[in-house]
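User: I would like to learn how to read a structure, one feature at a time. Where should we begin?

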Amino acid sequence: MSYDPDNIFAKILKGELPCHKVYEDEIALVMMDIFPQSRGHTLIIPKAASRNLLDADPAALAAVMPLVQRVARALKTATGADGLRLVQFNEAPAGQTVFHLHFHVIPIYDGVPLGAHAGSKADDAELAVLAKDIAAAL
Ligand code: 5GP
């Protein structure tokens, strides 16, 4: 399968669609998931174009992983989460719904079950506050 340059994350990367941005550099964009599975669910989107892990350039993967770690640490500080889950889906049968490579960092809170993947939309004001808090902890 080939990369579709009109996918929703490509449009967000180009600034054609809005997002609750946490951080951006030449390697990646970090933003809040608008259908979070828990409070603080964050996405790291490498700027290099690939559908997912399977067609990604190894150099792009190597470049983005330190940022994934930074975001995970900041997220734990900002949300007070008890743990974090790092998730990445490859192709629709595995649960992928947006076909531009991205990493989910999902806070886990003791005793709180995770919501459904790509479930219900979060409140924009709450996402804006979270994006600011996570950015401050980066
Ligand atoms: P995937 O299933 O491809 O691994 O994950 C796509 C993620 O993107 C889902 O968790 C879904 O909630 C999230 N998502 C879908 N559309 C948008 C959007 O327009 N903006 C943001 N910030 N997240 C989105």
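Predicted model: local features only at pLDDT ≥ 70, side-chain atom pairs only at ≥ 80, totals over all residues.

User: How many residues lie between β1 and β2 in the hairpin?

Analyst: Three residues lie between them. Across the pair, K21 stands opposite M31 in β2.

User: Next, helices. Which way do residues along a helix point?

Analyst: An α-helix has 3.6 residues a turn, so residues three or four places apart point the same way. In helix α3 (residues 124–137), the buried residues are L127, L130, A131 and I134. Seen down the axis of α3, these buried residues fall within an arc of 105 degrees, so they line one face of the helix.

User: What does the face of α3 turned away from the buried side carry?

Analyst: That face carries K132 and A136, which are exposed.

User: And what do the buried residues of α3 pack against?

Analyst: They pack against β1 and β2, and also against β3 (42–46) and α2 (58–79).

User: What span should α3 have, and how far apart are its end C-alpha atoms?

Analyst: The helix has 14 residues, and at 1.5 Å a residue it should span 20 Å. Its end C-alpha atoms are 20 Å apart, so the two values agree.

User: Now a single residue. Is H20 buried or exposed?

Analyst: Relative accessibility is the value to read, and buried means under 20%. H20 has 18%, so it counts as buried. H20 sits in the loop between α1 (8–13) and β1.

User: Which side chain does the side chain of H20 make a polar contact with?

Analyst: The partner is the side chain of D124, at 2.8 Å. Leaving aside neighbours within four places in sequence, H20 is in contact with several residues, among them V30, M31, L127 and A131.

User: How far apart are L61 and I45 in sequence and in space?

Analyst: L61 and I45 are 16 residues apart in sequence and 11 Å apart in space, C-alpha to C-alpha. L61 is in helix α2. Beyond its neighbours within four places in sequence, L61 is in contact with L53, A56, L101 and F103.

User: Last, the ligand. Which residues around the ligand come nearest?

Analyst: Of the 18 residues around the ligand, D33, T97, V98, H104 and H117 come nearest. An N or O atom in the side chain of D33 is 2.5 Å from an oxygen atom of the ligand. For T97, a polar side-chain atom lies 2.8 Å from a ligand oxygen atom. A polar side-chain atom of H102 also lies 2.8 Å from an oxygen atom of the ligand.

Conventions: Residues numbered from 1 in each chain as written. Heavy atoms only, no water. Pairing = 2+ DSSP bridges. Helix = DSSP H or I, 4+ residues; strand = E, 2+ residues; numbered from the N terminus. Expected span 1.5 Å × (residues − 1). Buried < 20%, exposed > 50% of the residue type's maximum accessible area, 1.4 Å probe, protein only. Arc of directions from axis to C-beta. Contact = heavy atoms within 4.5 Å. Polar contact = N/O pair within 3.5 Å; in protein donor to acceptor, adjacent residues only side chain to side chain. Near = heavy atom within 4 Å.
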